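Please examine the sequence and the structure shown below.

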Amino acid sequence: MPSEYFLAHIWLIPLFPLLGAALMLLIGRRLPNSGVNVICVGSVFLAMIYAFGAVIQLIMRPVAQRVAEVVLFDWVPAGAMHTTAGHLANFNAQWGMLLDPLSAVMLCVVTGVGFLIHVYSTGYMGHEGGYYRFFGYLNLFMFSMLTLVLGNNLLLLFVGWEGVGLCSYLLIGFYFLRKSASDAGKKAFIVNRIGDAGFILGLFLLVGTLGTLRFTEIGPAIEAGGFAVGSGLMTAIAFLLFVGATGKSAQIPLYVWLPDAMEGPTPVSALIHAATMVTAGVYMVTRMNAVFQLAPLAMAVMATIGAVTAIFAGSMALVQNDIKRVLAYSTVSQLGYMFLALGVGAFTAGIFHLMTHAFFKALLFLGSGSVIHAMSGEQDMRKMGALWSKIPVTARTFLVATIAISGIPPLAGFVSKDAILGAAFNARPLLWVVGFITAGMTAFYMFRLVNMTFFGESRVPHDVEHHIHESPASMTVPLMILALLSIVGGWIGWPESLGGSDHFARFLDPVIAKHAEVVAAVPEKGGFGADYALMTASVLVALFGIWLARRLYLQHPDVPERIAERWSGVYRLLYNKYYVDQIYDAMFVNRTKDLATALGAFDRGVINGLGVDGVGWLTRTVSQVSMVWDSWIVDGLVNLAARIAWILSIPVRMLQTGRVGSYALFIVLGVMVGLAYYLRVSGITLHSILP
Amino acid sequence: MISIGHYLFLSVAMVLIGVVGIVTRRNVIIILMSVELILNAVNINLVAFSRLVGSVEGQVFAIFIITDAAAEAAVGLGIIIAFFRNRETVLADEMDILKW
């Protein structure tokens with residue numbers, strides 16, 4: 001096998017799961033579960049092998065050459081065009097795959113975590129109906145996500161973007177016979193679409209400005225275009241692309257679909273709404289960092305929205321009682337951290353957190369799935385407790401993930417979250433405060449979850465208690481692997497301040513554009529003193545959160561209720577999610593329905609009334625006029641002619657006396673007239689006759 | 001002597017009397033007699049010219065006309081009698097069935 005085999009065949013990676021999905025569509029119905037497993041889990045396994053092989057071969061190349069592109073065919077060869085700046089460009093969107101450090105990271109996360117979740121699903125969904133349909137959709141999702149991640153231009157990325165949105169809809173509404181599930185699917189897709197509108201507008205503007213969407217060409221095109229920092233065009237493009245990212249990655253104001261998305265099966269929540277799809281926005285912004293770095297205003301907005309989303313979602317997670325809802329709001333909050341990182345220019349920190357978050361959030365969701373499985377479908381934490389000894393593997397791996405997300409060193413969450421907070425402190429200290437508070441909240445609500453679920457007194461109903469059992473190996477082994485990754489996953493980016501060499505940031509460095517003015521504006525880094533202070537502070541706030549959760553949910557379990565009663569207004573506000581869904585309903589959903597009703601009335605009243613009925617009325621009226629014309633005028637003329645003939649005949653009639661005598665007289669008169677005429681004409685006179 | 005002119009004058013006079021008789025008289029039999037008068041006037045005219053010219057054709061034609069007049073009188077009297085049987089009248093004034 002030649003040494004670049006996997007690099008040359010990266011285009012196969014999305015096709016393996018596509019084949020799985022196609023087979024499920026065609027013959028899935030007739031297959032037993034084991035057949036579905038072989039095809040679907042096997043296809044993702046193959047994709048993972050090829051992905052790892054390609055990434056290894058990429059790393060073996062020298063740093064300057066770590067860009068591998070494989071073009072399959074010309075997809076939209078639109079040809080020559082003029083950009084708004086007046087340059088001549090040749091637009092060509094291909095169906096091609098690009099592997100560079102950034103897509104390599106994403107590829108490993110997607111295929112690795114995806115594979116583990118596929119294995120987990122064989123156990124979790126083993127007794128569910130529609131087994132082949134689930135895996136078909138899951139494979140279709142993998143195809144779309146891999147196309148998104150590997151695409152070599154923004155248009156192909158967008159194809160994957162839409163594809164994952166579709167699969168999200170299909171999988172959230174997997175139990176479509178339940179109205180809440182199908183509603184949640186619709187909500188996800190529609191809210192996503194709103195973001196996509198912004199994305200598309202950004203695409204148009206980008207094409208018009210640069211004449212290309214290909215990632216390898218965008219950088220040089222921007223340099224050639226000579227855009228200044230803060231350029232209006234770049235800011236507009238950045239804003240529009242960010243709008244797309246808010247929809248896909250559940251930021252304010254388009255996050256509302258993600259908590260409802262918990263209606264889907266738990267593996268779906270883990271894969272799509274924790275590890276992969278929601279991170280597409282982060283990936284896209286990082287991919288387009290050349291544009292964003294020229295738009296400081298857009299980046300400021302992005303950072304602020306990220307930070308506000310983080311604390312806003314974190315506050316709602318404090319009071320939720322459904323185990324998956326807490327994790328959903330936690331996801332929105334952590335995505336906010338990633339956008340905060342991107343907004344202050346720490347692109348590598350954002351991607352780093354994306355990776356570590358994928359590990360521990362997927363573990364948290366899969367672990368919660370294991371808990372729900374053990375609890376025979378119960379999801380309300382108020383009916384759980386003291387499960388630690390009953391489901392040991394689940395409980396221990398879950399605890400590992402919780403420690404990781406709380407940001408306790410040396411686990412993965414600490415390294416990535418600290419990188420973000422450090423960058424935020426240097427750039428926008430106010431946002432650092434927001435992130436700092438959120439870190440405390442995160443530790444608190446996550447340990448609240450753990451305490452309510454695994455520790456304390458058992459509030460489990462009697463009939464459920466008998467069935468509590470640990471999950472099968474197909475579910476526990478992925479949990480253990482993800483737990484290991486949650487521990488060591490951060491070590492690849494261990495900061496220099498603590499003695500590491502931050503391989504991760506250096507690996508991703510070539511992807512970040514180095515615009516001269518932007519680089520010059522970054523202040524010189526001082527010593528590591530500030531870093532140590534920040535790290536200590538975040539660890540302390542996390543420990544405070546853990547201590548508070550222990551006090552409120554283990555030592556004095558009656559206190560939370562009393563607090564809720566005393567602060568009932570605040571409690572209700574948080575519990576009802578700030579009534580945002582109701583506000584959106586009143587502002588947008590009902591207005592849209594009203595518009596539809598109005599248009600329907602217009603259709604019935606005006607179109608049907610004026611148009612259709614009106615034409616009928618018009619035809620009848622015209623025919624009435626025609627009838628009047630015919631009977632009055634046309635018939636009148638005919639009668640008039642007859643009457644004239646009658647009038648003319650009156651004197652002539654008088655000649656018909658019926659009396660023979662008058663007839664004889666007429667004869668004589670006629671003869672005399674004729675004779676006179678003849679005599680006159682022929683010239684005979686009395687003199688010429690008589691001698 | 002008696003010239004052709006005298007005979008023509010007589011013929012014309014008889015024609016005119018006959019015409020007046022047709023136009024003026026009420027009784028249809030009288031009208032028929034007037035028609036005979038006209039025919040005879042024509043006969044006189046023909047014979048006079050035959051004498052003048054010296055050929056016999058005029059006289060031959062006059063005999064034709066006499067025959068014709070006889071037939072015509074028979075037919076005419078037949079019509080009058082038929083009409084009289086229907087309408088009981090021989091007066092022209094009262095024969096106005098064909099009026100408008």
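**Burial, packing and chain contact**

Phe359(A) is buried, with 31 other C-beta atoms within 10 Å. A residue counts as buried if 20 or more other C-beta atoms, placed from the backbone, lie within 10 Å of its own, as exposed if 12 or fewer do, and as partly exposed in between. The model is predicted: local features need pLDDT of at least 70 and side-chain atom pairs count only at pLDDT 80 or more, while totals for chains, interfaces and linings use all residues. Residues are numbered from 1 along each chain as its sequence is written, with chains lettered from A and ligands numbered from 1 in the order in which they are written.

Q: In which helix of chain A is the place of Phe359(A)?
A: Phe359(A) touches Ala412(A), Leu482(A), Leu485(A), Ser486(A) and Gly489(A), not counting residues up to four places away in sequence; contact requires C-beta atoms, placed from the backbone, within 7 Å. Helices (H or I, at least four residues) and strands (E, at least two) are DSSP runs, numbered from the N terminus. On that basis, the place of Phe359(A) is in helix H16.

Q: How far apart in space are Phe359(A) and Val612(A), C-alpha to C-alpha?
A: In sequence, Phe359(A) and Val612(A) are 253 residues apart. Their C-alpha to C-alpha distance in space is 62 Å.

Q: Are H6(A) and H7(A) roughly parallel or roughly antiparallel to each other?
A: Helix H6 (residues 154-172) and helix H7 (residues 179-210) of chain A pack with axes 8 Å apart at an angle of about 170 degrees. Axes are lines fitted to C-alpha atoms, for helices over the stretch in contact, and angles run from 0 to 180 degrees between N-to-C directions. Angles under 35 degrees count as roughly parallel, over 145 as roughly antiparallel, 65 to 115 as roughly perpendicular and the rest as oblique. H6(A) and H7(A) are therefore roughly antiparallel.

Q: How many charged residues has the contact of H3(A) with H5(A)?
A: The axes of helix H3 (residues 33-59) and helix H5 (residues 131-150) of chain A come within 10 Å and cross at roughly 10 degrees, which makes H3(A) roughly parallel to H5(A). Ala, Val, Leu, Ile, Met, Phe, Trp, Tyr, Cys and Pro count as nonpolar, Asp, Glu, Lys and Arg as charged, and the others, Gly among them, as polar. The contact has 10 nonpolar residues and three polar ones, and the number of charged residues is none.

Q: What is the radius of gyration of chain A?
A: The radius is taken over C-alpha atoms, and the globule rule is 2.2 Å times the number of residues to the power 0.38. A compact globule of 691 residues would have a value near 26 Å, but chain A has 41 Å.

Q: Which helix of chain A gives the largest share of the side that touches chain B?
A: The contact takes 12 residues from chain A and 12 residues from chain B. The largest share of the chain A side, five residues, comes from helix H28 (residues 660-682).

Note on methods:
Contact = placed C-beta atoms within 7 Å.
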